[in-house]
Amino acid sequence: MNNRLFTILLFIGSLVGGCTSNPPLVKPEPTHAQSTNVALTPVMTDLPANSYTIIPPVQTQAPSQWELSKLCVTSYPSRPDSYQLTGVAALRSLSSKVLGLELSLLDLTDGHITKIPASNHPVDVASVSPDGKTLAYLYFNDSHAKWELTFLDAIGKVQKTRWRPNQDFGFDYWVNNHQIVIEQDSKFIVVDPFQGSQLSFAPADFPKFNAYSSHNWVDFDPTLTRAIYKDGGIDFLDLHTKAIITQIEDNYDRAPIISWQTSGERVAIVATLPVLDKMHGSPDEIFIVENNGQFRQLTHLYDNFKLFLTIDSLSWSPDGEKIAFWLHDDQGNDTLMIADVATGEVTNYCILNVRQSHFPIYFPAPIWSPDGKYLIVENRYSADANKLLVVDLHNNTAFPIAENANPVGWMVAP
């Protein structure tokens with residue numbers, strides 16, 4: 001090789017050897033604070049439009065399905081001025097030291113609170129009708145020495161009062177917008193308090209019904225054509241023929257955890273899913289049962305998260321497209337989840353309740369606003385302290401509206 005050719009090759013080699021590969025230039029996205037058990041003020045960090053930073057490649061472990069399910073809300077320490085809510089929140093006082101609960105109505109428009117007089121005895125049971133127009137509550141009236149069931153509108157005006165002389169009875173729930181279910185003398189009585197009509201059902205006549213079980217609970221659909229109760233599995237009964245048309249397995253000794261659509265066309269039911277690994281129990285899943293008895297498994301929590309999770313409650317959105325529920329996670333807390341009814345996709349909003357709390361009652365199912373845009377949920381952030389949050393599902397934010405209170409329902413103005 002002649003010297004001239006060698007020199008040219010040496011020069012080209014020096015140019016190639018001097019080049020190095022640089023990491024790609026990536027423009028960072030804005031970051032924001034996500035919620036924890038303590039309310040945080042949102043923080044937003046923006047870079048100039050022409051600002052870039054070099055991000056070196058990092059070897060990280062792929063996020064778990066549990067992490068991928070999270071869409072954590074941004075939590076505000078107080079209600080932002082931009083939120084113009086409507087309606088009334090029916091609340092009960094909540095204490096870790098006192099069992100008695102007092103009722104009040106919180107106007108969500110201006111924050112005005114109306115206390116509901118209920119003699120000197122605490123309210124035993126309270127529930128808001130599905131259409132949000134009527135609040136019913138049961139308490140022992142010392143003046144009459146009787147259990148009294150009272151019905152109020154959203155401004156606290158008494159619509160009706162009902163009691164049964166010398167007979168105890170229990171108020172269970174609203175079956176639809178104008179009928180309630182009470183228990184008396186081992187029977188479930190569906191009462192229309194405004195029309196004065198009633199229907200009586202004797203569960204002892206239902207097939208496979210165990211009247212001696214501690215969970216002899218019956219839940220009627222809004223059209224009074226179906227009933228659900230527990231007998232080993234969960235029985236789905238045709239009230240006209242008295243025939244069981246569907247049974248779903250549930251290995252836990254508990255009352256059925258269910259929620260009907262207001263139309264009565266479908267019901268969401270919590271049931272266990274048999275798996276090979278029984279060391280940790282059976283995981284809970286949500287099933288959708290049609291009025292004709294056909295059913296399908298909606299969630300696949302165990303398949304997705306590989307955790308033995310339990311579900312505490314269910315709540316349909318007004319449009320029937322979503323179901324909100326509390327899920328007992330693997331960290332010993334209950335976290336707010338929402339399932340899409342069409343796809344079964346489950347989203348974790350990272351709002352937790354400390355399960356080992358000192359409060360004498362369980363926290364209720366999430367409560368939807370009448371328009372389906374918001375939820376009211378209880379956030380027990382320590383063993384003896386809580387706050388009520390409004391969760392904005394559209395903007396993915398949350399803010400408190402009350403402390404040391406238990407939510408009963410979201411009412412509409414009369």
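In this predicted model, strand β13 is joined to strand β14 (residues 180-184) by four bridges, and these two strands run antiparallel. Within that pairing, G170 stands opposite E183 of β14.

The two strands belong to an open sheet of four strands, in the order β13-β14-β15-β16, with antiparallel pairing. At its edges lie β13 (170-174) and β16, each of which pairs on one side only. On average, neighbouring strands of this sheet are turned by 25 degrees against each other when direction is ignored.

**The loop between β14 and β15**

The loop between β14 and β15 (187-192) contains D185, and S186 lies in this loop as well. Most residues other than glycine have a negative phi. Against that background, D185 has a positive phi near 55 degrees, and S186 has a positive phi near 65 degrees.

**A second sheet**

Elsewhere in the model, five strands form an open sheet in the order β5-β32-β31-β30-β29, and here the pairing is mixed. The edge strands of this sheet are β5 (74-75) and β29 (367-368), each pairing on one side only. Inside the sheet, strand β30 (residues 374-382) pairs with strand β31 (residues 385-392) in the antiparallel sense, over seven bridges. One of the residue pairs that can be followed here is L375, whose bridge partner in β31 is V391.

**Aromatic pairs**

How many aromatic pairs does a search of the whole structure find? The search finds 18 of them. One of these is formed by F140 and W147, whose ring centres are 5.5 Å apart and whose planes stand at 75 degrees; the pair is edge-to-face because planes over 60 degrees apart count as such. F140 counts as partly exposed, with a relative accessibility of 24%, and W147 is also partly exposed, with a relative accessible area of 22%.

Another aromatic pair, that of F206 and Y229, is stacked, with 5.7 Å from centre to centre and 25 degrees between the planes. This pair links distant parts of the chain, 23 residues apart, since F206 is in the loop between β16 (197-201) and β17 (219-220), while Y229 is in strand β18 (residues 226-231). Both F206 and Y229 are buried.

Beyond these two examples, ring pairs also link Y83, Y374, F399 and W410 into a cluster.

Key: Residues numbered from 1 in each chain as written. Predicted model: local features only at pLDDT ≥ 70, side-chain atom pairs only at ≥ 80, totals over all residues. Heavy atoms only, no water. Phe/Tyr/Trp six-rings, centres within 6.5 Å; stacked < 30°, edge-to-face > 60°. Buried < 20%, exposed > 50% of the residue type's maximum accessible area, 1.4 Å probe, protein only. Pairing = 2+ DSSP bridges. Axes fitted to C-alpha atoms, helices over the stretch in contact; angles between N-to-C directions.
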